[in-house]
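Biologist: Could we go through this structure together? I would like to begin with the core and then turn to particular residues.

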Amino acid sequence: MTRLLSRRNLLSSLAAIPAVALLAACSDSGEKAVAEDVKPAAPADPMKPATPAAAKAPEAQGTVDMAALLKPGALPDEQLGKDDAKVTIVEYASMTCPHCAHFHETTLPELKTKYIDTGKARLILREFPFDPSAEAGFMLARCSKDNYFPMVDVLFRQQENWAGVANTKDALLQISKMAGFTQESFEACLTDQKLLDDVRSVQKRGADEFKVDSTPTFFINGKTYKGALSIEEISAIIDPLL
């Protein structure tokens, strides 16, 4: 069983996380991510030109019960979009996963403009951290209160500057200060044992109940899709549902 970090050593562990530990950030072996067994969910190939007209919906990799999926968990869901949207997208992500960052940087802006802001779809983001750095990132986003998604966006865009660097704690502190944290509020957030336990509970529920084993994993109106979907792919999934 995966050993859990205590409130006393989460902060200290961020100061010296070896880069190899982050290689498993987008995959899980069932109980613990292991570098040699990494099978990350692949993002869209950036070298391929976008061809919206020819885009085909990727094949779903399973289904889940939407009523069960949307039941409240250890933490209240963070959502973009309206509750009455026809399409509900639930994303499980890890803050240190490069494929998740790829989706949030390249696909989400267009998804937001085309579907979320128009009331057609909503996106619920759930925490699925694979390492202490990802846990810390999500904790800081939660401590940002109403700025959850802006903080997530900043951390994904700055991912290379804090995930896997020599001293993750200091790197996160500098980013957090720009978001309004002080040294005191930063350390208070990352030593909040209940918040840490709740973040881990969200991950455990995703793995146990909905068989999430890689990030990003999306559930779109109950169908499962793994990998950093392009806007063309996700549009091909969403359009027939509207």
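Predicted model: local features only at pLDDT ≥ 70, side-chain atom pairs only at ≥ 80, totals over all residues.

Biologist: Which residues have the most contacts inside the largest nonpolar core?

Modeller: They are Ile-89, Tyr-92, Leu-111, Ile-220 and Ile-234, in a core of 63 residues. The largest share of this core, seven residues, is contributed by helix 3 (residues 98-116).

Biologist: And what does Ile-89 touch?

Modeller: Leaving aside residues up to four places away in sequence, the contacts of Ile-89 include Leu-111, Ala-121, Leu-123, Ile-124, Phe-218, Ile-220 and Ile-234. Arg-122 is also among them.

Biologist: Is strand 2 buried or exposed?

Modeller: Seven of the seven residues of strand 2 (residues 87-93) are buried, so the strand is largely enclosed by the rest of the structure. Val-87, Ile-89, Glu-91 and Ala-93 point one way, while Thr-88, Val-90 and Tyr-92 point the other way.

Biologist: Why that arrangement of side chains?

Modeller: In a regular strand, side chains alternate between the two faces of the sheet.

Biologist: Which strands pair with strand 2?

Modeller: Strand 3 (residues 121-127) pairs with strand 2 in the parallel sense over seven bridges, and strand 4 (residues 217-220) runs antiparallel to strand 2, joined by four bridges. Val-90 has a bridge partner in each: Ile-124 in strand 3 and Phe-219 in strand 4. Strand 2, helix 3 and strand 3 together make a right-handed β-α-β unit.

Biologist: Changing topic, how many aromatic pairs are there?

Modeller: The count comes to six. In one of them, Tyr-92 and Phe-128 are edge-to-face, at 6.1 Å centre to centre with 90° between the planes. This pair links distant parts of the chain, 36 residues apart: Tyr-92 lies in strand 2, and Phe-128 lies in the loop between strand 3 and helix 4.

Biologist: What about Phe-128 and Phe-130?

Modeller: Their ring centres are 5.3 Å apart and their planes are at 80°, so this pair is edge-to-face. Phe-128 has 0% relative accessibility and therefore counts as buried; Phe-130, with a relative accessible area of 15%, is buried. Ring pairs link Tyr-92, Phe-128, Phe-130, Phe-210 and Phe-219 into a cluster.

Biologist: Finally, where is Ser-235, and what does its side chain contact?

Modeller: Ser-235 is in helix 10 (residues 231-238). Its side chain makes a polar contact of 3.3 Å with the side chain of Lys-114. Ser-235 counts as buried because its relative accessibility is 7%, below the 20% cut-off.

Methods
Residues numbered from 1 in each chain as written. Heavy atoms only, no water. Core = buried A, V, L, I, M, F, W, Y, C linked by side-chain atoms within 4.5 Å. Buried < 20%, exposed > 50% of the residue type's maximum accessible area, 1.4 Å probe, protein only. Helix = DSSP H or I, 4+ residues; strand = E, 2+ residues; numbered from the N terminus. Contact = heavy atoms within 4.5 Å. Pairing = 2+ DSSP bridges. Right-handed = clockwise from strand over helix to strand, strands pointing away. Polar contact = N/O pair within 3.5 Å; in protein donor to acceptor, adjacent residues only side chain to side chain. Phe/Tyr/Trp six-rings, centres within 6.5 Å; stacked < 30°, edge-to-face > 60°.
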